[in-house]
Amino acid sequence: MSNLDEPPAAWETRLQDMSPVDGRDGEEERVETGRLVAQRASWPMLHDVEDGATVDMSQVWPVLGKTGPPERATALVETLARQAGGAAQRLLFGVRSLSDRSDHDMLVHVDVVTGDLLEIAAWSPGCPLNPDRSWWLRCTLAVESATGFEAGGINGVDLRPHRTAFAVGGQDGVTVFQEDFGGPLGDIAARFYLAWEGRRALADRLGWRRPEPPSRTLPLAEFLQQARKRVWPSADML
């Protein structure tokens with residue numbers, strides 16, 4: 001029997017059965033693996049984060065190497081999630097929910113610490129469309145006023161964020177993101193508060209029913225305890 005009559009070797013059979021799609025899938029998997037390795041190397045503080053742990057954003061923003069005005073803060077979070085992955089994806093989900101969630105699905109508590117210092121706390125255990133995406137926000141805002149032609153801020157009033165904490169929970173886990181000084185996260189909190197106050201004023205003017213204010217601020221530890229009950233067990237725990 002000639003070599004042409006011999007049956008193909010096993011590896012030849014596998015090679016013949018492999019379609020071009022299989023080859024592309026393998027290449028895409030290698031590219032994705034390389035991307036994840038690079039992300040973990042550049043952003044270790046955003047990967048392998050324990051459930052309920054805190055990420056210090058003062059270590060994150062300098063690595064991103066980008067800045068911008070307060071109105072660009074959400075875009076910076078989107079860039080961070082795209083470049084870093086890991087816990088930054090959870091941060092992005094939380095920021096989007098913060099902007100989109102109805103006032104009837106959140107609670108907001110505001111304290112006037114001094115004449116020009118506000119303590120903002122807001123939290124949401126979920127909503128009908130996304131019952132497992134919860135978040136908790138706390139931020140200290142300094143109210144600054146300016147006079148003169150085209151003064152800074154909104155008609156001469158500006159909010160300077162300090163000490164911002166933003167916890168985001170879901171079925172995949174819960175993480176606390178913290179800024180001890182002003183930064184993109186604080187800018188997002190300030191814009192959230194201004195939008196919330198604007199909706200309150202509009203509801204009052206139109207005579208709409210507003211949600212009842214909470215009697216107290218939900219402590220972060222209590223939020224984390226509630227959020228971690230919704231986390232699905234990992235494959236290792238099944």
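**Figure 1. Overview of the chain.** The chain holds 7 helices and 6 strands (DSSP runs, H or I of at least four residues for helices and E of at least two for strands, numbered from the N terminus). This is a predicted model, in which local features need pLDDT of at least 70 and side-chain atom pairs count only at pLDDT 80 or more, while totals for chains, interfaces and linings use all residues. Residues are numbered from 1 along each chain as its sequence is written, and side-chain values use heavy atoms, with hydrogens and water left out. Starting at the N terminus, the order of elements is α-α-β-α-α-α-β-β-β-β-β-α-α.

**Figure 2. Helices α4 and α5.** The axes (lines fitted to C-alpha atoms over the stretch in contact, with angles from 0 to 180 degrees between N-to-C directions) of α4 (residues 73-84) and α5 (residues 87-100) come within 8 Å and cross at roughly 150°. The two helices are therefore roughly antiparallel (angles over 145 degrees). Contact (heavy atoms within 4.5 Å) involves residues including Val-77 and Leu-80 of α4 and Leu-91 and Leu-92 of α5.

**Figure 3. An aromatic pair.** Rings of Phe, Tyr and Trp (its six-membered ring) pair if their centres lie within 6.5 Å, and planes over 60 degrees apart count as edge-to-face. By this rule there are 2 aromatic pairs. In one of them, Trp-135 and Phe-192 sit edge-to-face, 6.2 Å centre to centre with 80° between the planes. Trp-135 belongs to strand β4 (residues 134-145) and Phe-192 to helix α6 (residues 184-206), 57 residues apart. Both Trp-135 and Phe-192 are buried (under 20% relative accessible area, 1.4 Å probe, protein chains only).

Technical notes. Rings of Phe, Tyr and Trp (its six-membered ring) pair if their centres lie within 6.5 Å; planes under 30 degrees apart count as stacked, over 60 as edge-to-face and the rest as tilted. Buried means under 20% relative accessible area, exposed over 50%, partly exposed in between (1.4 Å probe, protein chains only). Angles under 35 degrees count as roughly parallel, over 145 as roughly antiparallel, 65 to 115 as roughly perpendicular and the rest as oblique.
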